[in-house]
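Please read them beside the coordinates.

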Amino acid sequence: MATTITLTGAGGQIGYALLFRIAAGDLLGPDEKVRLRLLEIPQGLKSAEGAALELQDGAFDLLEDVEVTDDAAVGFDGCNLALLVGARPRGPGMERAELLAANAGIFGPQGRAIAENAADDVRVTVVGNPANTNALIAATSAEGVPAERFTALTRLDENRARAQLALALDAPVSSIRFVPIWGNHSATQFPDVSRATVDGRPVVEALSERVGDVRTWLEDAFIPRVAKRGAEIIDIRGSSSVASAANATIEHVRDWVHGTQECTSAGVVSRGEYGVPEGLVCSFPVDFIDGNWRIVEGLEIDAWSRARIDASVAELVEERDAVRALGML
Ligand code: NAX
């Protein structure tokens with residue numbers, strides 16, 4: 001049986017970068033057939049249809065079927081994996097509450113459509129921003145679907161953090177391990193190097209030989225660089241992160257389905273772990289095991305890290321409360 005994958009925002013940039021990697025087997029492996037459902041809004045249909053034609057021209061052995069639609073019931077019909085990429089970007093002069101409301105108007109109905117139409121084993125990954133709160137809204141709206149089936153992407157942030165450490169230590173990125181992201185996928189996120197290793201050696205120890213005072217470097221250079229990397233890419237490239245975001249999405253979903261050898265990061269629903277209010281979709285260090293995620297528990301958090309995690313969690317609480325105040329949650 002083929003896996004049915006629904007991609008929203010399929011006519012957009014990240015969608016375009018994702019589709020061909022999925023069809024080539026990068027998501028589920030070289031033996032798993034896939035059926036793609038490309039869900040767009042009417043303005044995005046032509047672009048998605050064009051991508052579908054190119055998918056035909058790719059003559060991918062693993063690709064059984066492609067359907068393009070602007071009807072969520074059709075788009076999520078029988079869906080096993082949903083990648084919610086399409087979202088409303090912040091327009092000029094748009095207030096945060098307006099942005100949250102516009103996205104609640106997308107992710108609420110999509111959550112309901114998933115509950116009504118998707119397969120029993122559906123797993124949902126939210127990429128569209130604000131990703132954590134959008135995932136919370138979709139999960140809350142998807143009556144009957146366990147909240148654990150909804151995650152938000154923070155893998156790109158983790159990849160950025162590992163890459164920056166590799167650069168600072170002049171080490172291959174493959175040698176850098178365990179750099180979880182805590183909190184919101186936003187400028188308040190906390191990339192945590194406290195237990196990170198480079199070739200098995202503590203990163204903090206290796207950094208102290210290169211950057212002087214490690215905490216100052218983390219505060220002034222590393223954390224802002226990682227947290228604002230999206231803006232840096234926009235400045236230089238003239239357009240937001242696309243291929244790196246698609247790559248992180250592939251890694252996130254692949255790990256969720258196939259399992260991880262070691263801890264990674266994902267926005268998942270809190271059950272109160274590490275004092276994060278229950279119900280928030282917050283990024284934690286997670287393991288993916290047997291198709292499920294599990295928050296890595298029992299890590300000691302020092303006061304400096306705690307303050308950063310708390311600030312990001314406070315932003316998540318604000319986002320949730322703003323959506324609640326609008327009566328959309
Ligand atoms: P694009 O504007 O290129 O594409 C978005 C597409 O979504 C458009 O084709 C649009 O028609 C479609 N769309 C809008 N509303 C929809 C709806 N209700 N149903 C279906 N489709 C809908 O943006 P792109 O560069 O692809 O980025 C997509 C989203 O990813 C943005 O929200 C962006 O902020 C977010 N990102 C999230 C990242 C993460 O790590 N979580 C990193 C990359 C990216 O910034």
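1. N132 is buried in this predicted model, because its relative accessible area is 1% and the limit for burial is under 20%. The residue belongs to helix 5, which spans residues 131-141. Its side chain reaches the backbone oxygen of G183 at 3.2 Å, and a polar atom of that side chain lies 3.1 Å from the backbone nitrogen of H185. Apart from residues up to four places away in sequence, N132 touches A152, G183, N184, H185, V281, C282, S283 and L316.

2. The loop between strand 5 (123-126) and helix 5 contains P130. The peptide bond leading from N129 to P130 is cis, with omega near -5°.

3. Two residues other than glycine have a positive phi and may be examined together: A59, near 45°, and Y274, near 55°. A59 sits in the loop between helix 2 (45-58) and strand 3 (63-69), whereas Y274 sits in the loop between strand 12 and strand 13.

4. H252, in helix 10, is buried, with a relative accessible area of 0%. A polar contact of 2.9 Å links its side chain to that of T151. With neighbours up to four places away in sequence left out, H252 touches T125, T151, A152, L153, R155, A266 and F288.

5. Which residues lie nearest the centre of the second largest pocket? They are R155, R162, R177, D255 and E262, from a lining of 14 residues. Helix 6 (155-169) and helix 10 (243-258) are the elements that give two or more residues to this lining, and helix 6 gives the most, with four. The volume of the pocket is about 210 Å³. By class, the lining comprises eight charged, four polar and two nonpolar residues.

6. The largest nonpolar core has 42 residues, and those with the most contacts inside it are L165, L169, V193, V203, L218, F222 and F284. Two or more residues come from each of helix 6, helix 7 (203-208), helix 8 (214-227), strand 12 (264-269), strand 13 (281-289), strand 14 (292-295) and helix 11 (303-325). Helix 8 gives the most to this core, with six residues. For F284, the contacts beyond four places in sequence are I181, W182, T264, S265, A266, V268, S270, E273, Y274, V276 and I295. Y274, one of the residues in contact with F284, has the positive phi noted in point 3. A second, separate core has 31 residues, including I14, L36, L55 and V85.

7. A113 is located in helix 4, residues 96-117. This alanine counts as buried because its relative accessibility is 8%. Once residues up to four places away in sequence are set aside, A113 touches A72, F76 and A118. Between A113 and R88 there are 25 residues of sequence separation and a C-alpha to C-alpha distance of 18 Å.

Key. Residues are numbered from 1 along each chain as its sequence is written. This is a predicted model: local features need pLDDT of at least 70, side-chain atom pairs count only at pLDDT 80 or more; totals for chains, interfaces and linings use all residues. Side-chain values use heavy atoms; hydrogens and water are left out. On a 1 Å grid over the protein atoms alone, a cavity is a set of points where a 1.4 Å probe fits but cannot get out, and a pocket is an open set with protein on both sides within 12 Å along at least five of seven lines; lining residues have an atom within 4 Å of a point. Grid points are joined across faces, edges and corners, and a volume is the space filled by probe spheres set on the points. Ala, Val, Leu, Ile, Met, Phe, Trp, Tyr, Cys and Pro count as nonpolar, Asp, Glu, Lys and Arg as charged, and the others, Gly among them, as polar. Buried means under 20% relative accessible area, exposed over 50%, partly exposed in between (1.4 Å probe, protein chains only). Contact means heavy atoms within 4.5 Å. A nonpolar core is a set of buried Ala, Val, Leu, Ile, Met, Phe, Trp, Tyr and Cys residues joined through side-chain atoms within 4.5 Å. A polar contact is a pair of N or O atoms within 3.5 Å; within protein, one must be able to donate a hydrogen and the other to accept it, and residues adjacent in sequence count only if both atoms are side-chain atoms.
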